[in-house]
Amino acid sequence: MAWNTEKAIEYAKEAKAAVFATVAEDGSPQVRYVGGYGIEGNVFYVNTGKDSAKVKQILAKPEVALIFQHEAQDSLKNVTFYGKASLVSADAAEKAKEIIKVRRPQAAFDETKVIIRVDINRIKVLDFGEEVKNQEFKL
């Protein structure tokens with residue numbers, strides 16, 4: 001079955017964790033695993049420490065990527081979502097917390113945390129089980 005936005009998002013929702021990539025001040029890529037995230041439509045929310053390097057990095061350069069790859073697959077496949085990140089406003093924080101809690105009910109939210117919002121604008125799929133192995137589409 002060919003990939004589309006909905007299939008890519010469902011694949012991401014079923015993953016245990018994501019790899020979250022930002023850009024450091026010197027322009028080098030910075031990657032780390034994140035587990036405290038939620039997805040609604042074409043928006044991803046990531047729970048993190050307010051003093052974390054990723055917060056400083058997205059405030060300076062908001063272009064980010066999240067990559068998802070399931071374990072024990074029959075054939076290699078992964079999905080990368082590209083987008084623009086920002087910090088969730090206080091007004092939108094409660095809704096974002098509820099979205100994150102759908103996948104991560106134990107997530108902690110306190111004054112040491114912030115939520116990053118990623119508005120997805122492009123998706124890249126690599127699936128060796130498909131005739132067309134590389135697929136990319138813009139939203």
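Predicted model: local features only at pLDDT ≥ 70, side-chain atom pairs only at ≥ 80, totals over all residues.
In what order do the elements of the chain run from the N terminus on? The order is α-β-β-β-β-α-β-β-α-β-β, where helices (H or I, at least four residues) and strands (E, at least two) are DSSP runs numbered from the N terminus.

Residues are numbered from 1 along each chain as its sequence is written, and side-chain values use heavy atoms, without hydrogens or water.

Colour the chain by pLDDT: the average is 94.

Next, select Phe44, Phe68, Phe81 and Val118. Of the 28 residues in the largest nonpolar core, these touch the most other members; such a core is a set of buried Ala, Val, Leu, Ile, Met, Phe, Trp, Tyr and Cys residues joined through side-chain atoms within 4.5 Å, and buried means under 20% relative accessible area (1.4 Å probe, protein chains only). S7 gives the most to this core, six residues.

Centre on Phe44. Not counting residues up to four places away in sequence, its contacts (heavy atoms within 4.5 Å) include Ala12, Leu66, Phe68, Phe81 and Ile120. Apart from this core lies another, of nine residues, among them Val43, Ala93, Ile100 and Ala107.

Finally, select helix H3 (residues 90–103). Ala93, Ala96, Lys97, Ile99 and Ile100 are buried there, and the buried residues of H3 pack against strands S3 (37–40), S4 (43–49) and S7 (113–127).

Notes: Buried < 20%, exposed > 50% of the residue type's maximum accessible area, 1.4 Å probe, protein only. pLDDT = per-residue confidence, 0-100.
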